[in-house]
Number of protein chains: 2
Amino acid sequence: MKAPHSEDDVAHFDLKDFLPYLLNISGEVTSSGFQSSYKNQYGMTRTEWRVLFHLGRYGDMTARDICTRARTHKTKVSRAVSALEKVRFLKRQKNLDDRRFETLCLTPEGYKAYKTLCGKAGQFDRALSANFTPQENAILRRCLRQLAGLP
Amino acid sequence: MKAPHSEDDVAHFDLKDFLPYLLNISGEVTSSGFQSSYKNQYGMTRTEWRVLFHLGRYGDMTARDICTRARTHKTKVSRAVSALEKVRFLKRQKNLDDRRFETLCLTPEGYKAYKTLCGKAGQFDRALSANFTPQENAILRRCLRQLAGLP
DNA sequence: CGTTGATAGTTACATTTTCAACTAATACCA
DNA sequence: TGGTATTAGTTGAAAATGTAACTATCAACG
């Protein structure tokens with residue numbers, strides 16, 4: 001017979017080793033650091049940034065594709081797409097075979113913004129990675145991808 | 001002379017290796033998984049959960065201490081404290097030497113909730129950690145703490 | 001066909017978070 | 001002492017997010 005929570009858990013649990021907590025804080029700290037790049041210059045939100053980078057890096061795709069690849073809810077993506085469309089960073093193109101889909105493609109201005117931010121992102125990531133050895137960097141990223149359920 | 005963004009960045013940058021992105025997604029995925037524990041049973045938000053766990057694990061402290069330790073903005077903490085006070089999970093105690101401070105302490109009910117959630121958190125973290133070797137787990141946590149700016 | 005069910009995406013509403021301005025108390029320092 | 005700057009914490013309005021219900025389109029199957 002086991003108690004619903006053992007005293008051991010209370011004695012041994014430590015917040016500073018709890019993965020969801022650590023991931024959230026480190027994610028928040030690093031993302032806020034990078035955020036100024038796109039927020040100040042383009043007034044973009046984090047989700048808009050994600051959509052822009054998916055299209056810039058991986059080419060045209062539907063909103064649903066972005067949802068799946070970025071593990072992001074469709075309402076967030078839907079609003080980000082509308083916002084990016086309003087500032088003419090992307091265009092929608094209805095699929096004629098199946099008109100539920102619309103393919104999203106960056107405009108030249110959208111792609112230009114992507115390129116600019118790409119440089120900043122690369123710089124930012126190199127600075128973060130400089131804290132760790134190549135082996136640590138590899139393990140870190142592999143673990144994170146697995147936790148996120150990414151390929 | 002260097003261009004503001006080199007073509008190399010555009011060619012080589014990959015979203016799925018970008019740390020802020022990976023941290024955010026993995027943080028969101030794992031936290032959403034654990035969230036049901038405290039949300040369903042106690043109707044707590046993520047920030048309220050954090051405050052509860054700081055007090056439960058590390059003992060009485062001020063809101064400012066929680067802000068510093070959890071790298072969380074004071075307005076978030078302030079509102080979480082009010083909410084936890086309303087359901088009588090904690091009490092405030094004005095410091096008489098410096099009356100700007102108030103020390104926060106869990107009530108017996110608050111501590112009971114902490115103990116219950118502690119068990120679930122321990123279980124949840126063990127399940128996540130089971131995906132990795134002890135060495136990977138150690139490296140992962142050390143890297144995350146450093147990125148988060150935690151001791 | 002026509003009904004049922006699934007899927008892509010949007011919208012309305014509630015909750016949360018952010019940002020800036022605010023109060024109250026203390027520290028600093030001439 | 002008195003004025004200015006800091007610090008702890010709160011609050012209101014705006015922005016972002018989450019949840020659920022919605023439209024529109026297509027698929028499957030009688």
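Around DNA strand C there are 21 residues, and A:K39, A:R64, A:S78, A:R92 and B:R79 come nearest; a residue counts as near if one of its heavy atoms lies within 4 Å of the strand. This is a predicted model, where local features need pLDDT of at least 70, side-chain atom pairs count only at pLDDT 80 or more, and totals for chains, interfaces and linings use all residues. Residues are numbered from 1 along each chain as its sequence is written, chains are lettered from A and ligands numbered from 1 in the order in which they are written, and side-chain values use heavy atoms, with hydrogens and water left out.

So what does the protein touch on the strand? Look at the side chain of A:K39: one of its N or O atoms sits 2.6 Å from a phosphate oxygen. The side chain of B:R79 goes for a base instead, with an N or O atom 2.8 Å from a base oxygen. At B:D97, a polar backbone atom is 3.4 Å from a phosphate oxygen.

The elements giving two or more residues to this surface are α4 (63–70) and α5 (74–86) of chain A, plus α5 (74–86) of chain B (helices are DSSP runs of H or I, at least four residues, numbered from the N terminus). α5(A) gives the most, with four residues.

Now for the two chains: chain B can be laid on chain A with an RMSD of 0.1 Å by a turn of 180 degrees and a shift of 0.0 Å along the axis, superposing by least squares on C-alpha atoms of residues with pLDDT of at least 70 in both. The two copies are thus related as by a two-fold rotation axis. Both use the same surface, as 100% of chain B's contact residues (heavy atoms within 4.5 Å) recur in chain A.

Key:
A polar contact is a pair of N or O atoms within 3.5 Å; within protein, one must be able to donate a hydrogen and the other to accept it, and residues adjacent in sequence count only if both atoms are side-chain atoms.
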